[in-house]
Amino acid sequence: QVHLVESGGGLVQPGGSLRLSCAASGSISRSNAMGWHRQAPGKGRELVATITGAGRTNYADSVKGRFTISGDNAKKTVYLQMNNLKPEDTAVYYCYARGVQPMGIPFDSWGQGTQVTVSS
């Protein structure tokens, strides 16, 4: 089992910044991708950003230029730096990770979510 624990959410004013962290525990032989989704009230879950094991990144159009995803393979941690936050960024942010554990066992894990609220 690979467990993910998110931290760094909270309340911030429009234009402010937050940094989310997601730490993975458990044995991982290969990380294929880690990233973030979010779900706003009354809406479906949407992709925010991903980073592959090779370091390639992908962003939703709505966050390009404002959010930056990065990873630390040694710490099995992924970060999401969010700048110039807007009220429409308000959502529960979920970390996910997929890859392979020892013995070739694939995993696809989600964190419990962290609330981000952008409001004046």
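First, the ground rules. Residues are numbered from 1 along each chain as its sequence is written, and side-chain values use heavy atoms, with hydrogens and water left out. Since the model is predicted, local features need pLDDT of at least 70 and side-chain atom pairs count only at pLDDT 80 or more, while totals for chains, interfaces and linings use all residues.

I start with a sheet. Strands here are DSSP runs of E with at least two residues, numbered from the N terminus. Two strands pair if DSSP finds at least two bridges between them. An open sheet of four strands runs in the order β1-β3-β8-β7, and its pairing is antiparallel. Its edge strands are β1, residues 3–7, and β7, each of which pairs on one side only. On average, neighbouring strands of this sheet are turned by 15° against each other, direction ignored; the axes are lines fitted to C-alpha atoms, and angles in general run from 0 to 180 degrees between N-to-C directions. Between β1 and β3, residues 18–25, there are five bridges, and the two run antiparallel. In that pairing, E6 stands opposite C22 of β3.

Next is β11, residues 114–118.

β11 has pairings to report with two strands. With β2, residues 10–12, the sense is parallel, over three bridges, and V12 stands opposite V118. With β9, residues 91–101, the sense is antiparallel, also over three bridges, and V92 stands opposite Q115.

Rings of Phe, Tyr and Trp (its six-membered ring) pair if their centres lie within 6.5 Å; planes under 30 degrees apart count as stacked, over 60 as edge-to-face and the rest as tilted. By this rule there is one aromatic pair. Y96 and W110 form it, at 5.3 Å centre to centre with 35° between the planes, so the pair is tilted. Y96 is in β9 and W110 in β10, residues 105–110, which puts them 14 residues apart and links distant parts of the chain. Y96 is buried at 6% relative accessible area, while W110 is partly exposed at 38%.

Last, the largest pocket. A pocket is an open set of points on a 1 Å grid over the protein atoms alone, where a 1.4 Å probe fits, with protein on both sides within 12 Å along at least five of seven lines; lining residues have an atom within 4 Å of a point. Its volume, meaning the space filled by probe spheres set on the points, is about 230 Å³. The lining has 20 residues, with S31, M34, D72, N73 and K76 nearest the centre. β4, residues 30–39, is among the elements that give two or more residues, and β4 gives the largest share, four residues.

Definitions and conventions
Buried < 20%, exposed > 50% of the residue type's maximum accessible area, 1.4 Å probe, protein only.
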